[in-house]
Amino acid sequence: MRSRTHRVQNGLIMLIVSTATISLLWSSHITKDISSQIRNDFSAMISHIVDEKKDSYEIMGNEMESNIRIETENEPNRMDDNREEMENVIADIIVSSPISDNESSPDETESKIPTFIVAGTQKGGTEALLKYLKKHREIVPSSRYEPHWFDKVSSRHEYANGTLPESAVVNYARKYRDYAFDATQYKKRKNPERFELKGHPERITFEKTPLYMFVPKAAHRIKSTLPHTKIIFLLRDPVERAYSHYKFIKSRMMKRFKNKNLRDKHLDHRFEDFIQKDLRALQSTGVIPFDKNDPLALVKLDEAWERYTKLKMDRGASAWDAVIGRGLYVAQLRVWWKVYGEQRKEKILVVKSEDMRPKEDGYIHLEDIFDFIGITGGKIKHKRKIHHTDGSPMREVTKIKLHRFYSNFSDALEELLESKVWQDPFSWNESLAKN
C-alpha cells in the first residue's frame with residue numbers, strides 16, 4: 001500500500017515538473033523546432049482524448065434517436081467507478097467547451113442552419129406540416145426525425161436557466177448541427193443532392209421537436225445558440241389535442257408491450273384517469289387553481305409552471321403523460337415571450353392548427369408560414385386530413401368539463417397573442433363544423 005502511494009506521489013510530482021518545464025520553455029522563447037515538438041505532442045494528447053469522447057458522444061446520439069418518446073426516459077445510470085464517471089464529465093466538456101483560438105468560426109451558411117424550428121405543440125399538426133414543407137424543393141428538413149437536442153442535451157457551461165455563455169455557443173451549435181443535420185445521413189437518401197447544404201445558402205432548413213415548447217430551458221438554449229433561427233408554434237384546440245395525446249399513448253403502448261397481461265394492465269386506463277393524474281400534478285405544483293382576477297395570477301403561474309415542468313421532466317422523462325398541461329399554451333408561451341422579448345415579433349409565429357385544413361379550392365394554404373420563413377408560395381395540394389384519429393369519440397361530459405377548464409386561461413392567452421381569435425377554445429371548432 002505504501003509503495004503504491006509513493007508511486008502515485010511520484011507520478012504527480014513528475015506531472016507538475018513536466019508542466020512547469022513546458023511553461024518555462026515556452027516563456028523562454030526556445031527554438032521553434034523544440035517548441036513545435038512540444039506543441040505537437042500536446043496536441044496529439046488532446047486529439048486522443050477528443051477522439052475517445054467523440055465515440056462516446058456518438059453513442060449518446062444513437063441512444064437519443066432510439067428513445068420511445070412516450071415513455072419515462074431514465075437518466076443514464078451512474079458510473080460504477082471513477083474512470084467511467086470522469087469520461088462522462090469530459091464528454092460533457094467536449095460537447096460544450098468554449099471555442100479555442102485555433103477553432104474556426106462557422107461560415108455564414110452554416111451559422112443560419114436551421115432557418116426555423118417547429119417547436120410545438122405535440123399532437124398539434126407538426127408532422128403534417130413537416131410533410132407539407134417537404135414538398136418544396138428548397139426546403140430541407142433535419143436528417144433526424146425530432147432531434148430533441150435542446151430539451152435533452154445540456155451544456156456544462158450553461159447557466160441555471162439554460163442560457164449558454166458566448167464562449168460555449170460555437171462548439172455547442174456545431175455539435176447540434178452535426179447531429180440534427182448529418183451530411184452522412186443525407187447522402188444515404190434518394191436524390192442526395194436535394195439535401196446538399198454546403199454551398200447552397202438559398203436552401204431553407206428546419207427541424208421539428210414539439211417538446212421544445214414545453215421545456216423552459218429549451219427556449220433559453222435555442223435563443224442563445226441560434227440567434228438567426230425563427231420559431232413556429234402550432235396551437236390546436238386544447239381539448240381535442242388532449243384526447244389525441246391520450247390515443248397516441250395508448251397506441252404506442254399497444255406496440256410496446258408484447259405480453260398480453262402486461263399490456264392489459266397498462267392499457268386499463270381511461271382518458272379520464274390520465275386527466276385526473278395530470279390535474280393532481282398541476283394542483284400539487286400550484287398551476288391550478290388559476291384565479292384570472294388575481295393581479296398576480298400570471299406571476300404565480302410562471303413560478304408554478306417551472307415547478308410543474310421540472311416534475312414532468314424529472315429523470316429524463318418526456319412529459320408523455322402531461323395530457324392537460326401541454327394544452328396550457330399561455331403558460332408555455334410566456335416563457336418564450338420573456339426569453340425573446342421584443343424580438344418575438346419577428347422571430348416567433350403562432351398558427352392555429354385548424355387553419356392548415358384543406359380549403360374549398362382543395363389546397364392547404366400556408367402563405368403565412370412561407371412569408372415568415374422567407375420563401376414564395378404556400379399553396380399545397382394535399383388531400384390528407386390532419387388530426388385524424390381512429391377510435392371511439394370523447395365522452396361529451398368530459399369534453400364540456402375540459403372546455404370549462406381551458407376557458408379559464410383564454411383571456412390570458414388572448415392578451416398574450418393580442419388577438420381575439422384565441423379567446424374562446426369553443427370558437428376554434430366553429431370552422432371545423434363547416435367542413
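**Rings and a covered helix**

Let's start with Phe405, which counts as buried at 18% relative accessibility (buried means under 20% relative accessible area, exposed over 50%, partly exposed in between, using a 1.4 Å probe and protein chains only). This is a predicted model, where local features need pLDDT of at least 70 and side-chain atom pairs count only at pLDDT 80 or more, while totals for chains, interfaces and linings use all residues. Residues are numbered from 1 along each chain as its sequence is written, and side-chain values use heavy atoms, leaving out hydrogens and water.

Searching the whole structure turns up 21 aromatic pairs. Rings of Phe, Tyr and Trp (its six-membered ring) pair if their centres lie within 6.5 Å; planes under 30 degrees apart are stacked, over 60 edge-to-face, and the rest tilted. Phe405 makes an edge-to-face pair with Tyr406, 5.2 Å centre to centre with 80° between the planes. Tyr406 is buried too, with a relative accessible area of 4%.

Elsewhere, ring pairs tie Trp149, Phe150, Tyr172, Tyr176, Tyr179, Phe181 and Tyr212 into a cluster. Tyr179 also has the charged end of Arg144 over its ring, 4.1 Å from the centre (NZ of Lys or CZ of Arg within 6 Å of the ring centre and within 35 degrees of the ring normal).

Now to helix α18, residues 410-417, where 6 of 8 residues are buried (helices are DSSP runs of H or I, at least four residues, and strands are runs of E, at least two, numbered from the N terminus). Among the buried ones are Leu413, Glu414 and Leu416. Their cover includes β4 (230-235), α13 (297-312), α14 (329-340), β5 (348-352) and α17 (396-407), with contact meaning heavy atoms within 4.5 Å. After α18 comes Glu418, with a positive phi near 55°.
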